[in-house]
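Welcome, and please take a moment to look over the sequence and the model.

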Amino acid sequence: MKLLLIIPPNSQEERYGALSNIGTLYPPLGLAYLAAVAEKEAEVKVVDSEAMNYSYKDLANIVIDFKPDMVGMPVFFTTMNRCYKVAGIIKSIDKNIKIVLGGAQVTLDHNLVKDKNIDFGIYGEGEISFRNLLIALRDKKPTSKLKGLIWKKGNKIIINKPQELVKNIDDLPIPARHLFPMNNYHSSANLRGKRTLNIMTSRGCPYKCAYCAGSLIFGGTYRYHSNGRVIAELKELKEKYGADDIQFYDETFTANRKRVIDLCNKMIEENLNIEWSCFTRVNLVDRELLEKMKQAGCYQIFYGLESGVQRLLNLIRKGITLEQSRQAMKLTHEVGIETWVSFMMGLPTETKEESEQTIKFALEVDPHFVQFPITTPYPGTDMYNIAKNTGRFLTDNWDDFTAWDVVYVSNKRTPEELRETVKKAYKKFYLRPSYILRRSKSILKLPTSKMFSLIKSGVLTIFK
């Protein structure tokens, strides 16, 4: 049995727009976990077209040479049409190859499998369902009762019962990074490492923000790897792949405070001597925790503050207050950890005056790095439903649903005004003489190539 896992053709410019020079391109860990489970049952080949700069013609040649029995692709709304195009090419080569779609968007919208070239969809947590489908096809056994499977009976889409979540995620093997072109990946330019790689030490998030699909996929659960397993994977990243910097890619790294403190202590005891960054929430940090993280090598934390207006934070169910944001930022800076912050501009019902309040709040909390992505309400999320009732979408082409241009505006606002407001936000934040003076030291800590990429992207974003 041969399995081919494909990331369809894409580019940094299409993903990040003017920020393509500083965008992240990591090995997709969801697919790497899937590959690690699958390679115990089949011969597995992974093709990351974006990382390898492969075209659709290149993919066709790979399919002809490899002759897979089954092809799997993770799908997002922005890559849906690309996946359909790949599926059409594959079926034109051999109509007997089974094509499976998975990922968050299949969970949010089961109808994504309706395309004539798609045979199956996997919804929810994918490893067990995908492995069971792979075994059933390999052994020529029935698939109609497999949990977590979406399939078609004529023109009718059948949705089987959901697959239970993996209770102990240590039971899953370490992601199969050896199947990916590891030398082709890179981190965002504001991370210090010459060789930064990512790791997921937990799954899920106990919060239910309106813009996020995580709770819909994992049911609001939060599970995490044992610290021994995490240390083993960190050592592999350092020793096998030469990582000198780690980005913890957990949705909410500090959701379990004790677990993080214990992990930090183990990192110190093991003398890993590696710097790292993470993502978390302002209501889940305190001075003792931050000091321990700093001691263990943490130099940067990403906080999604999202807005400087409490009404809007409540609307999107962020579950934080402006005062919590102020205090977390203050503590993080006092401990000596950099902050990287995101504010969503153009939220549903947001007025121009409220956008100005958010810009003012960004200046007040004064992170080391800030981004102002334009709000993109993705279908399947609660925010999408809010947006439909409070504004208008400018396109129904999913390929355009990025955070770097306007696809949605609230009532009484225009795309032109929102674009100008975002540009103003970047100018007011980054062109302050005091900011330039204070941040020059931290920017100089970056590798030279990253430093110049950061400056170049800043110029393009502000002056374009």
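## Helices α2 and α7

The crossing of α2 and α7 is right-handed (a crossing is left-handed if the near helix is turned anticlockwise from the far one by less than a right angle, and right-handed if clockwise). Helix α2 covers residues 29-38 and helix α7 residues 127-138; they pack at an angle of about 40°, with their axes 10 Å apart. Helices here are DSSP runs of H or I with at least four residues, strands are runs of E with at least two, and both are numbered from the N terminus. Axes are lines fitted to C-alpha atoms, for helices over the stretch in contact, and angles run from 0 to 180 degrees between N-to-C directions. The two helices α2 and α7 are therefore oblique to each other; angles under 35 degrees count as roughly parallel, over 145 as roughly antiparallel, 65 to 115 as roughly perpendicular and the rest as oblique.

On the α2 side, Y33, L34, V37 and A38 meet E127, F130, R131 and L134 of α7, where contact means heavy atoms within 4.5 Å. By class, the residues of this contact of α2 with α7 are six nonpolar, no polar and two charged. Ala, Val, Leu, Ile, Met, Phe, Trp, Tyr, Cys and Pro count as nonpolar, Asp, Glu, Lys and Arg as charged, and the others, Gly among them, as polar.

## How to read the model

This is a predicted model, in which local features need pLDDT of at least 70 and side-chain atom pairs count only at pLDDT 80 or more, while totals for chains, interfaces and linings use all residues. Residues are numbered from 1 along each chain as its sequence is written, and side-chain values use heavy atoms, with hydrogens and water left out.

## Two further helix pairs

Helix α4 (residues 56-66) packs with helix α5 (residues 80-93) at an angle of about 40°, the axes being 10 Å apart. That makes α4 oblique to α5, and their crossing is right-handed. From α4, the residues Y56, L59, A60, V63 and I64 meet R82, K85, V86, I89, I90 and I93 in α5. The contact of α4 with α5 divides into nine nonpolar, no polar and two charged residues.

For helix α11 (residues 287-295) and helix α13 (residues 322-335), the axes come within 10 Å and cross at roughly 40°. That makes α11 oblique to α13, again with a right-handed crossing. Here R287, L290, E291 and K294 in α11 meet L331, T332, E334 and V335 in α13. The contact of α11 with α13 has three nonpolar, one polar and four charged residues.

What span should helix α9 have at 1.5 Å a residue? The expected span is 1.5 Å times one less than the number of residues. For the 13 residues of α9 (residues 227-239) that gives 18 Å, and the end C-alpha atoms are 18 Å apart, which agrees.

The buried residues of α9 are N227, R229, V230, I231, E233, L234 and L237. Buried means under 20% relative accessible area, exposed over 50%, and partly exposed in between, with a 1.4 Å probe and protein chains only. These buried residues of α9 pack against α2, β8 (196-199), β11 (245-248) and α10 (257-269).

T339 sits in strand β14 (residues 338-343). Its relative accessibility is 0%, so T339 counts as buried. Leaving aside neighbours within four places in sequence, T339 is in contact with I301, Y303, M329, T332, H333, P367, H368 and F369. The C-alpha atoms of T339 and N190 are separated by 11 Å, although the two are 149 residues apart along the chain.

N117 lies in the loop between α6 (104-108) and β5 (120-122). At 14% relative accessibility, N117 counts as buried. Beyond neighbours within four places in sequence, N117 is in contact with A87, G88, K91 and I99.

## Loop residues to look up

Most residues other than glycine have a negative phi. N271, in the loop between α10 and β12 (275-280), has a positive phi near 50°. N273 is found in the loop between α10 and β12, and has a positive phi of about 50° although it is not a glycine. Are these residues buried or exposed? N271 is exposed, with a relative accessible area of 61%, and N273 counts as exposed at 67% relative accessibility.

L431 lies in the loop between α16 (415-430) and α17 (433-443). At 41% relative accessibility, L431 counts as partly exposed.
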